[in-house]
Amino acid sequence: MSNGTGFISLLAASLVALAGCDGRVASDQPLRPAVSVSGSSIRYQVDAAHGRIWWLTREGVFVHDAKTVQKRPVPIPGWQWADVAYACLPALALGPKGEALVTSNVLPTVWKIDPETLAVSEHALALDADQDKDVGFSGLAYSSEHAAFFAVSELHGSLWRIDPDLTRGEKVALSAPMTKACGVAVRAPQKAERLSRLCVRGQQGDWTVQLAPDYRSASVRSAPCTDRPSLLSQVTLRRE
């Protein structure tokens with residue numbers, strides 16, 4: 001076991017100890033985000049390739065890796081979000097080059113953190129729909145198959161496809177809304193399937209989303225997310 005891998009394992013174990021009975025470790029499947037009105041919530045992403053863990057808390061972003069003893073804070077200029085008393089936490093995701101991405105749950109804006117310098121850039125998305133609504137994102141994941149990010153909006157139960165340059169968001173027409181969606185992950189194709197699917201986690205249940213070949217629409221069905229996703233599961237821990 002390499003030093004980086006051992007560090008990740010030990011830190012992930014410590015998360016379970018902190019979280020108590022509600023602790024869940026980001027491992028081989030996406031886990032249900034937990035939202036607590038009275039407790040403190042945390043999202044984190046494990047970047048095993050770089051031997052680090054990214055954290056998203058009410059206080060902002062922190063990064064912890066094998067090269068440092070303590071977590072390093074990463075200020076996010078202009079970050080706006082609604083408290084967990086009213087909504088799921090904003091999303092935290094990893095990009096294809098190890099960059100960390102943070103959303104707002106009330107604005108269509110993404111902040112990108114450079115994996116080497118930790119410099120933060122702000123990206124206001126141009127949406128092709130719902131310009132008259134307050135659209136924020138409570139889930140975000142990158143799909144190498146689609147060369148794009150996919151995001152979910154808890155307030156509106158909608159799904160969005162975001163280009164890798166973080167310039168625009170295209171709304172995906174759904175067969176049914178996904179109310180109170182709090183997380184999204186990419187699921188590898190099953191036997192007899194050609195395309196991957198999305199797993200969306202919500203406060204009231206899970207959905208499997210099958211995208212159409214043109215990615216402009218998708219079919220939605222209620223189904224537990226139990227198989228292994230191919231990319232970037234997201235976790236929220238809850239402490240009472």
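**Strands, pairing and confidence**

Visitor: What makes strands 5-6-7-8 an open sheet?

Guide: In this predicted model, four strands line up in the order 5-6-7-8, with antiparallel pairing. Strands are DSSP runs (E, at least two residues), numbered from the N terminus. Two strands pair if DSSP finds at least two bridges between them. Strand 5 (92-94) and strand 8 (120-124) are the edges, because each pairs on one side only.

Visitor: How do you know that strand 7 and strand 8 pair?

Guide: Five bridges join them in the antiparallel sense. The definition asks for at least two, so they pair. One of the bridges links Lys-112 to Ser-121 in strand 8.

Visitor: Why are strand 13 and strand 17 called a pair?

Guide: Strand 13 (residues 168-174) and strand 17 (residues 217-222) share two parallel bridges. At least two are required, so the pair counts. Ala-218 in strand 17 is the bridge partner of Leu-174. Ala-218 is also the bridge partner of Leu-211.

Visitor: What do strand 16 and strand 17 form?

Guide: A hairpin, with five residues between the strands. Tyr-215 in the turn has a positive phi of about 65°.

Visitor: Where is confidence lowest, and where highest?

Guide: pLDDT is the predictor's confidence in each residue, from 0 to 100. Strand 18 (residues 229-231) is lowest, at a mean of 34, and strand 7 (residues 109-113) highest, at 98. Where pLDDT is low, the predicted coordinates should not be read in detail.

Visitor: Which ground rules apply?

Guide: Local features need pLDDT of at least 70, and side-chain atom pairs 80 or more, while totals for chains, interfaces and linings use all residues. Residues are numbered from 1 along each chain as its sequence is written, and side-chain values use heavy atoms, leaving out hydrogens and water.
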